[in-house]
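Let's walk through this protein together, with an eye on its charged pairs and helix packing. Keep the viewer open as you read.

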Amino acid sequence: GGASPPPPPGPARPPPAPVPRSSGPPGRSGPVRVWASSSSSSGVAPEPPLSRRLAACPRRARLVRQPPWPIPPPTARRRRVPWLHEAASFYQRALLANALTSALRLHQRLPHFQLSRAFLAQALLEDSCHYLLYSLIFVNSYPVTMSIFPVLLFSLLHATTYTKKVLDAKGSNSLPLLRSLLEKLNANQQNILKFIACNEIFLMPATVFMLLSGQGSLLQPFIYYRFLTLRYSSRRNPYCRTLFNELRIVVEHLIMKPSCPLVVRRLCLHSIAFISRLAPTVA
């Protein structure tokens, strides 16, 4: 009737295996195994820590601190897109080509150069002199997409005129498809010239914004204002003066509506009066 004896104790459990933990020392991007226990049940010596291994091998420590591959500087990382630099180079080439073309046309209009005030006043009346000054204004400045539109469109108009002369020399029925395209361009020539004049007008506030943002020079708005006054008083191309008048009429029509706020109306009227005082007198 007595109680049964307790069961015999079982075999002792082995100690837990070493648990690896991740450590991110400077100079290494991947995890490194560092043993948390200094003893092992298998009797194998534990792996020494990373600091001792690096101290034993100075070359490996130098490679960890300084990787063998070159790290590009921040300026080189910003230049990963090579076509941006090439676009700026093509931008300058286009303006330089326009400057050379304008200088050649100015020489054709005024072949006898004279170092006098009368010759300079006569040269400033020519459109080729205006666009020579235009190219010199923007050739060394920060690239502005708007400044390339007049060069492109004038080149298109000149190419249209020359191509039409070549087709007339070959025959009246040569390349009818190309002739129809040239006729459409000639029909829209006034609209193209108005777009060029509008682009030249809105480049004036763009130069001011470039100066305020630190991307333009201090003299650029004043020199461009002189160019704009020359285009306003041009005898052969009155589209800049026409666009100024049309823009004034449109703005006055919009601000005279009852829904226009009084502050906006006063601001627009003061701006129109200020621009009218800056406009040159045209004979």
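Predicted model: local features only at pLDDT ≥ 70, side-chain atom pairs only at ≥ 80, totals over all residues.

Arginine 109 is partly exposed, at a relative accessible area of 46% (buried is under 20%, exposed is over 50% and partly exposed lies in between, using a 1.4 Å probe and protein chains only). Its salt-bridge partner is glutamate 126, and their closest N and O atoms are 3.0 Å apart; a salt bridge here is a side-chain nitrogen of Lys or Arg within 4 Å of a carboxyl oxygen of Asp or Glu. Arginine 109 belongs to helix 4 (residues 82-109), while glutamate 126 sits in the loop between helix 5 (117-123) and helix 6 (127-138), so the pair ties together parts 17 residues apart in sequence. Glutamate 126 is buried, with a relative accessible area of 6%.

Helices (H or I, at least four residues) are DSSP runs numbered from the N terminus.

Residues are numbered from 1 along each chain as its sequence is written, and side-chain values use heavy atoms, leaving out hydrogens and water.

The average pLDDT (the predictor's confidence in each residue, from 0 to 100) is 79, and 70% of the residues score at least 70. Over residues 27-41 the pLDDT is below 50, and this stretch has 25 contacts in the model beyond near neighbours in sequence (contact means heavy atoms within 4.5 Å).

Aspartate 168 and arginine 179 form another salt bridge, with 3.1 Å between the closest N and O atoms. Aspartate 168 is partly exposed at 45% relative accessibility, whereas arginine 179 is buried at 16% relative accessible area.

## Two helices crossing

Helix 9 (residues 189-212) packs against helix 11 (residues 239-255) at an angle of about 75°, with their axes 9 Å apart. Axes are lines fitted to C-alpha atoms, for helices over the stretch in contact, and angles run from 0 to 180 degrees between N-to-C directions. Helix 9 and helix 11 are therefore roughly perpendicular (65 to 115 degrees).

Note on methods. Parallel < 35°, antiparallel > 145°, perpendicular 65-115°, else oblique.
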